Each structure stands twice: as structure tokens, then as C-alpha cells.
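Hi,

Here is the model I promised to pass on.

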Amino acid sequence: MSAETLLRRRALLSAAASASAFAALTATPLAEAAGGRAWLGVELTKAEGGVLAKRVLRGSPAESAGLKGSDLLLSLDGREVATAGDVIRVVSERGAGATVKVRVRRGKGELTLPVKLVEFPGEEQVLRLDKVGTFAASWKGATPTQGDASDIKKLRGRVVIVEFWASWCGACRAMTPVMNDLHQRFGAQGLTVVGLTDDAEDAALKAVSKLGIKYAVCAGASAETFSDYGVRSLPTFFVVDKRGVFREVFVGAQPGESFEKHITKLLKESAPA
């Protein structure tokens with residue numbers, strides 16, 4: 001197991017540290033403040049002279065205020081920031097409902113943007129806001145272990161459920177019968193179920209055999225793929241239409257009915273020309 005994989009698994013398994021880890025990794029700061037848990041909605045990384053906004057999440061307070069990817073955050077409410085932790089600290093102290101003045105460097109100029117923080121809507125809703133309506137990214141590093149589903153782009157014309165899972169994940173194992181049922185009932189009508197895991201191929205194969213997984217599985221998915229899809233918890237599911245566009249997101253175990261109502265609707269849509 002690579003150090004990168006081990007770190008991700010520790011982050012996913014550590015419930016006690018989930019709020020701070022999620023904030024640090026995605027710069028969607030969480031806070032238990034008087035005004036509620038506050039959300040900014042920016043992926044941050046350290047940069048010379050401040051904190052770089054790698055990406056602004058769709059539907060976030062930061063996007064509404066006009067913050068852009070590649071902006072360099074210099075200060076919040078007059079307090080200089082040098083790390084993502086500095087940003088999280090200010091947001092945590094201010095809380096949901098507060099307006100934070102974010103000074104940024106954009107190109108050669110500087111500007112101050114008032115950002116009204118909102119209550120953190122939950123991981124599933126954050127993914128829904130950020131992903132639904134956008135095209136699904138190609139999978140990187142994923143090796144087909146069972147079935148022929150090496151890339152989402154090759155499945156254009158079919159409805160796809162992309163499941164992020166791991167052999168060590170109990171909730172993922174509990175979802176196997178649900179995914180098998182959907183695969184067997186709707187596969188001939190145009191549904192493809194694909195399980196993506198960062199497990200090594202041998203571990204994935206053992207899980208496929210032990211759990212009786214019937215649908216396609218790809219092993220060795222890269223950290224970049226997890227990042228592209230915004231996956232922080234397992235299992236996470238994406239429902240993708242025939243054009244390759246995200247139409248729904250689910251985090252955690254779900255009843256089959258949650259998927260079925262979307263599948264039946266999307267199967268009726270016309271395939272792209």
C-alpha cells in the first residue's frame with residue numbers, strides 16, 4: 001500500500017478529525033460557532049505571499065462573492081493568512097451568517113471581496129452543488145479488473161453509476177447487493193455500474209470474488225481521480241447521464257429506490273448524436 005493511499009484511508013476513517021481534515025483538504029471550512037457551521041467553499045494551497053485559491057466550488061459563498069480560481073488570498077477581515085489553516089481559523093471564528101472581507105491579489109492588482117458565509121450544507125449537498133450539471137472527468141490510473149469500463153468517456157450513450165468504494169469499507173460491502181440488483185435489472189436497458197477503487201488489483205479481485213460483485217470494477221484509481229470527483233467519504237456514488245453529465249450524487253449507503261427513480265428517468269432520455 002502506498003503512503004498516499006494510506007494517508008487517504010486514514011483521513012476517510014478518522015471521524016474525530018473529519019471536520020478539520022475536510023476543511024484543510026478542500027478549504028471548505030467548517031466551524032461550530034454561534035452562527036452555525038460556516039462554509040466558504042474554496043480549495044486552497046499554500047503559495048508565496050498568501051494562500052492560493054486552486055478552485056472555487058460551484059454554488060459556494062466564495063463563488064457568489066466573485067472569488068476566482070488562481071486568486072491569491074492575502075487577508076480575511078484584515079488578518080493576514082499564510083496557510084489554509086489561517087483561513088479556516090477566521091471562518092470558524094466568524095461563523096455562518098457573517099460577512100468576511102477577503103482581500104485577494106488577482107493578476108497585478110488587489111481587491112477586497114465581501115463574502116457572506118453560510119451554514120455548511122453537508123458533504124453530499126456540497127458535491128451536488130459542485131458537480132451536478134458538469135461533465136464527469138476521465139478516470140486516471142484505473143485498471144479494468146472486471147468488465148470493460150476503462151473510462152467514463154467510453155460509456156457515452158449509456159447511463160452510468162460510478163461507485164467509489166474499497167474492500168475495507170463496511171458500508172461499501174453492504175451496498176454490493178444493491179449495485180448487483182441495479183446492474184442485473186437495468187443493464188440490458190442501457191445502465192452500466194462501475195466500481196472505482198484505489199485498492200491494488202489483487203485486493204480488488206479478492207473482494208470481487210468474496211462479495212460476488214457482478215458489475216464492472218476498476219482498481220488502482222489515482223488520488224487525482226478522487227480529487228477530480230471531490231470524493232472524501234466511502235462509498236460515494238455519482239449518477240451520470242448518456243451525455244456524460246453528472247445528474248445526482250449520493251454519499252454513504254443508500255436504498256436501491258434512491259437510484260432507481262433517477263435511472264428510469266435517464267434511460268428514457270435520447271442518446272447523444
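Let me start just after H7, where glycine 212 takes a positive phi of about 70 degrees. Before going on, a word on the ground rules: this is a predicted model, in which local features need pLDDT of at least 70 and side-chain atom pairs count only at pLDDT 80 or more, while totals for chains, interfaces and linings use all residues. Residues are numbered from 1 along each chain as its sequence is written, and side-chain values use heavy atoms, with hydrogens and water left out. Helices (H or I, at least four residues) and strands (E, at least two) are DSSP runs, numbered from the N terminus.

Back to H7, residues 201-211. Its buried residues are Ala204, Ala207 and Val208 (buried means under 20% relative accessible area, exposed over 50%, partly exposed in between, with a 1.4 Å probe and protein chains only). These cover an arc of only 100 degrees around the axis, so they sit on the same side of H7; the arc is that of the directions from the helix axis to the C-beta atoms. Lys206, Ser209 and Lys210 are exposed on the other side. The buried set packs against strands S9 (143-146) and S12 (216-219), where contact means heavy atoms within 4.5 Å.

Neighbours within four places in sequence aside, threonine 197 is in contact with Trp165, Ala166, Ala204, Cys218, Ala219, Gly220 and Ala221.

Next, H9. This helix (residues 256-267) has 12 residues and reaches 16 Å from its first C-alpha to its last, close to the 16 Å expected at 1.5 Å a residue; the expected span is 1.5 Å times one less than the number of residues. Which residues of H9 are buried? They are Gly256, Ser258, Phe259, Ile263, Leu266 and Leu267. Their arc around the axis is only 150 degrees, which puts them on the same side of H9. Glu257, Lys261 and Lys265 are exposed on the face turned away from that buried side. The cover over the buried residues of H9 includes strand S10 (159-164), helix H6 (170-186) and strands S11 (191-196), S13 (236-240) and S14 (246-251).

On the H6 side, Met175, Val178, Met179, Leu182, Arg185 and Phe186 meet Gly256, Phe259, Glu260, Ile263, Thr264 and Leu267 of H9.

Leucine 234 and proline 235 are joined by a cis peptide bond, with omega about -5 degrees, and proline 235 is in the loop between helix H8 (223-229) and S13. Serine 70 is not a glycine, yet has a positive phi of about 90 degrees; it lies in the loop between helix H3 (61-65) and strand S4 (72-76), and counts as exposed at 54% relative accessibility.

Cheers
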